[in-house]
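Here are my notes for you to read alongside the structure. Take the points one at a time and keep the picture open as you go.

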Number of protein chains: 2
Amino acid sequence: MADTERWEPILAAVGIRATNQRLLVLDALAAHRLPVSAQRVHAELQDRGERTGLTTVYRALASMTEAGLVHAFTHAGEAVYRLCGSAEHHHLVCRVCGLVAEREEKDLVDGFRAEEVYGICAACAER
Amino acid sequence: MADTERWEPILAAVGIRATNQRLLVLDALAAHRLPVSAQRVHAELQDRGERTGLTTVYRALASMTEAGLVHAFTHAGEAVYRLCGSAEHHHLVCRVCGLVAEREEKDLVDGFRAEEVYGICAACAER
DNA sequence: CATGATAACGACAACGATTTTCATTCCAGC
DNA sequence: GCTGGAATGAAAATCGTTGTCGTTATCATG
């Protein structure tokens with residue numbers, strides 16, 4: 001059981017209410033480097049002994065995504081989420097290993113505001 | 001009712017059987033510039049008076065995607081497909097208007113084999 | 001501290017896209 | 001013309017996600 005309180009200022013900063021459930025979801029997300037699904041977050045919270053409902057996890061992720069705190073990706077037909085250091089950037093998402101890298105470069109492509117780049121990372125490519 | 005026969009060599013080239021249903025699906029795809037969903041393809045075939053089943057449309061799209069004839073994207077939680085001029089390239093997909101552009105440039109990003117770039121196109125950006 | 005408006009919760013039902021099942025039909029090669 | 005494997009299609013099953021609705025927490029005020 002980590003100190004969920006540390007996320008309060010984060011939620012306050014983006015202007016959404018810092019409820020206990022949202023703090024728990026944030027805390028669960030922070031424990032992963034790879035994006036995770038809503039169901040996975042829910043399962044982990046259950047294992048931890050929390051009684052947070054699945055519906056609530058979905059809504060927490062939706063509001064936090066909208067607020068820009070979290071980024072949503074698609075992997076194998078399901079939505080997966082990842083806590084991200086906000087700001088202007090795009091993501092490189094490997095289709096094979098799921099790894100995500102954040103990039104700052106502007107104008108990756110002429111006049112197209114890139115948000116997510118799906119492909120295959122160098123490591124997975126040589127196999 | 002277009003001449004579906006023109007697709008036969010295409011299917012033969014990628015090594016999958018040129019069944020009547022697959023030809024119909026290809027023909028339906030070819031009528032669109034934007035990616036379309038399996039359900040949409042199925043509906044259009046129904047309207048045309050074909051009795052192709054939805055299951056078959058899904059399977060046809062899957063096999064053709066695997067064969068590289070068709071490219072699959074994700075839009076609003078559903079899979080959408082687009083006929084594409086094969087070869088090595090990546091796609092720019094606008095999240096707003098759904099427009100897809102094919103690009104040939106290699107190494108869009110250092111050592112990352114980009115396949116799909118999701119973002120916002122120039123036209124949609126200024127609104 | 002009590003109160004009331006509002007946002008958030010959570011259990012459950014409902015939805016919708018996709019996949020599985022399984023019996024039937026089609027095709028290519030013998 | 002047979003025959004085996006691939007393809008088809010109708011219906012049921014799956015499964016992630018969203019809607020419903022009564023309950024509860026939160027926050028600003030009196």
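**Notes on the model**

1. Let's start with the surface near DNA strand D. Its residues split into five nonpolar, 11 polar and six charged. Keep in mind that this is a predicted model.

2. Who gets nearest to the DNA? Of the 22 residues around DNA strand D, the nearest are A:Ala79, B:Thr19, B:Gln21, B:Gly53 and B:Thr56.

3. Helix 4 of chain B gives the most, with four residues.

4. Now look at the sheet in chain A. Three strands make an open, antiparallel sheet in the order 1-3-2. Strand 1 and strand 2 of chain A sit at the edges, each pairing on one side only. Six bridges join strand 2 to strand 3 of chain A, and A:Ala72 stands opposite A:Tyr81 of strand 3. Helix 2 of chain A lies across strands 1, 2 and 3, at about 90 degrees to strand 3.

5. An unreviewed UniProt entry lists A:Cys94 and A:Cys97 under "binding site". Are they buried or exposed? A:Cys94, in strand 4 of chain A, counts as buried because 22 other C-beta atoms lie within 10 Å. A:Cys97, in the loop between strand 4 and strand 5 of chain A, is exposed, with 12 other C-beta atoms within 10 Å.

6. Check their contacts beyond four places in sequence. A:Cys94 touches residues including A:Cys121 and A:Cys124, and A:Cys97 is in contact with A:Cys121 and A:Cys124.

Conventions. Residues numbered from 1 in each chain as written. Chains lettered and ligands numbered in written order. Predicted model: local features only at pLDDT ≥ 70, side-chain atom pairs only at ≥ 80, totals over all residues. Near = placed C-beta within 6 Å. Helix = DSSP H or I, 4+ residues; strand = E, 2+ residues; numbered from the N terminus. Nonpolar A, V, L, I, M, F, W, Y, C, P; charged D, E, K, R; others polar. Pairing = 2+ DSSP bridges. Contact = placed C-beta atoms within 7 Å. Axes fitted to C-alpha atoms, helices over the stretch in contact; angles between N-to-C directions. UniProt positions renumbered as here; feature names shortened; annotations may be inferred. Buried ≥ 20, exposed ≤ 12 C-beta atoms within 10 Å, placed from the backbone.
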